[in-house]
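Hello,

Here is the model we talked about passing on. Please look it over, then read my notes below.

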Amino acid sequence: MAKSKFVYTCDQCGYETSKWNGRCPSCGAWNSLVEELAEKPSPGGSRSTYSAPDLSESILELEQIGADTDVRYDTGVGELNRVLGGGLVKGSLVLLGGEPGIGKSTLLLQICQFLGMEHSVLYVSGEESARQIKLRAQRLGVDTENLYILTATDAEAIAETISQSAPDIAIIDSIQTMSISRIASSPGSITQVRECTNLFMHTAKSQEIPMIIVGHVNKDGAIAGPKVMEHIVDAVLHFEGERHQSYRLLRAVKNRFGSTNEIGVFEMLDKGLSEVANPSQMLLSGRPHNVSGTCVACVMEGTRPILAEVQALAAKTSYAAPRRMATGFDFNRLTIIIAVLEKRLGIFLGSLDVYLNIVGGFRLDEPAGDLPVAMALYSAVMDRPISEELIAFGEIGLGGEVRSVSHIAQRIREAERMGFSTCVIPKQCASAVDQKDYSIEIVPVSSLKQAFTKIK
Ligand code: TYD
Ligand code: MG
């Protein structure tokens, strides 16, 4: 039987089937299957008549390959350079994802100013008119002569224009507005997003033009047209933050040219985004005085220690099952810590609602955050404030023990720099540091019980 010429692809989840359905069997979306041409047969027809070309000539010795291929453009924004692993790599395709309104277009327009000093930049917008971009550029103080604006949505025409005009850097804002006319589905659908990304990747690689593509994320935090894009591009950056708070975190989720642990911190001001060189100070500003249930934690974000405040509140519950809520901290981890407090230390929270918050919209997802969380909880339940000059970090085991964490010296240095006087650390790590080198008092503890004695 001849194979069908068409496949039907769900534009929500990417599911493919040979028969049309009213409802996608995979994700359950209605009327989402769109007809597409099935893949072209391989050149030369069936396997028996096709002779594969010999590629042995193309094999290269690793040593022969020039290392100068890794040319990086400085974006002029240190925080962005750091997340990119040292700048924008020539010929790379970077996806900048984030919720609408978080500041993606603002950031990209701002970097144009610096990039424009030495390079030509083509900014393709499918969202805003040229006039709107001009107004925004004026507001941000972007006035470089090397910035070219193109408002278009036809991806094939854009790719062709980029190849022809050969700018040093191209920016596509956003992938959800781009479409290829021969594909029937609407812009922003899975098929369109995937094909447009493939098209731009081809341009980026063949012309060695680095491209930054903006992608809006949907409610679940996935980049719309989700995984299909992430594996095509070289780097995926997520721009996050609470809309009502002014700071924003830029995080690398994937990076073929650098580490994915690094974060960049920005603040949204009336003149655009500004870099926050000292995030610890920002996250610790406005701490309450003499209040129970707060403790300062130190997390490593890549190579960088950041201090953040953990706040806990325990209030008498009015429900049969008490509530537990965590923002910026893993919920399951919180329940484990509560269980450890109950079982190992006999502190009962069964009749208390527990709320945990990491101040500043920051996420504490390192094991080193366990100890400050436990201390903040203990302080909240006992209503005994922790000294404002105390900082703690360490992982908590199910036996109530405090376990070692990495990067001890950097964390202590940061605490010292921020003016703390006491640092509670896991006992196992104590041998790695020498009290004589620090002006801050180092308190090694081996168990939660011991750590709690530091709470007056
Ligand atoms: P924008 O870059 O348009 O978001 P995205 O491209 O991610 O959708 O950011 C828009 C938000 O930023 C908007 O809510 C207003 C705010 N903003 C400022 O606070 N200051 C500024 O100077 C600019 C340009 C925007
Ligand atoms: Mg935008």
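Two conventions before the details. This is a predicted model, so local features need pLDDT of at least 70 and side-chain atom pairs count only at pLDDT 80 or more, while totals for chains, interfaces and linings use all residues. Residues are numbered from 1 along each chain as its sequence is written, chains are lettered from A and ligands numbered from 1 in the order in which they are written, and side-chain values use heavy atoms, with hydrogens and water left out.

**Domain 2 against domain 3**

In contact terms (heavy atoms within 4.5 Å), 14 residues of domain 2 meet 10 residues of domain 3. The size of an interface is often given as the accessible area lost when the parts come together. Here, domain 2 and domain 3 bury about 1,000 Å² between them. Of that, 53% is on carbon and sulfur atoms. Buried area is the accessible area (1.4 Å probe) that two parts lose on being put together, summed over both.

Two salt bridges cross the interface of domain 2 and domain 3. The rule asks for a side-chain nitrogen of Lys or Arg within 4 Å of a carboxyl oxygen of Asp or Glu. Glu 301 and Arg 251 form a salt bridge through their side chains, at 3.6 Å, N to O. Two residue pairs are in polar contact between domain 2 and domain 3, both at pLDDT 80 or more. A polar contact is a pair of N or O atoms within 3.5 Å; within protein, one must be able to donate a hydrogen and the other to accept it, and residues adjacent in sequence count only if both atoms are side-chain atoms.

On the side of domain 2 that touches domain 3, helix H1 (78–84), strand S12 (247–255) and strand S13 (263–269) each supply at least two residues. Helices (H or I, at least four residues) and strands (E, at least two) are DSSP runs, numbered from the N terminus. By class, that side of domain 2 has six nonpolar, three polar and five charged residues. Nonpolar covers Ala, Val, Leu, Ile, Met, Phe, Trp, Tyr, Cys and Pro; charged covers Asp, Glu, Lys and Arg; the others, Gly among them, are polar.

**Salt bridges**

The structure holds 17 salt bridges. Burial matters for the notes on them: buried means under 20% relative accessible area, exposed over 50%, partly exposed in between (1.4 Å probe, protein chains only).

- Glu 156 and Arg 182 pair at 3.2 Å, N to O. Glu 156 lies in helix H4 (residues 155–165) and Arg 182 in the loop between strand S9 (169–173) and H5, so the pair ties together parts that are 26 residues apart in sequence. Glu 156 is partly exposed at 31%; Arg 182 is exposed at 61%.
- Glu 240 and Arg 251 pair at 3.3 Å, N to O. Glu 240 sits in strand S11 (residues 235–240) and Arg 251 in strand S12, 11 residues apart. Glu 240 is partly exposed at 27%, whereas Arg 251 is buried at 15%.
- Glu 395 and Arg 333 pair with their closest N and O atoms 3.9 Å apart. Glu 395 is in strand S20 (residues 395–396) and Arg 333 in helix H8 (residues 331–345), 62 residues apart. Glu 395 is partly exposed at 24%, and Arg 333 is partly exposed at 27%.

Shared partners also join Glu 79, Arg 82 and Arg 304 into one salt-bridge network.

**Single residues**

Arg 411 is in helix H10 (residues 408–417). Arg 411 is buried, at 0% relative accessible area. Beyond four places in sequence, Arg 411 touches residues including Cys 298, Glu 366 and Phe 393.

His 407 lies in the loop between strand S21 (402–403) and H10. His 407 is partly exposed, at 35%. Its side chain makes a polar contact with the side chain of Ser 406 (3.0 Å).

Thr 203 is in helix H5 (residues 190–207) and buried, at 4%.

Best wishes
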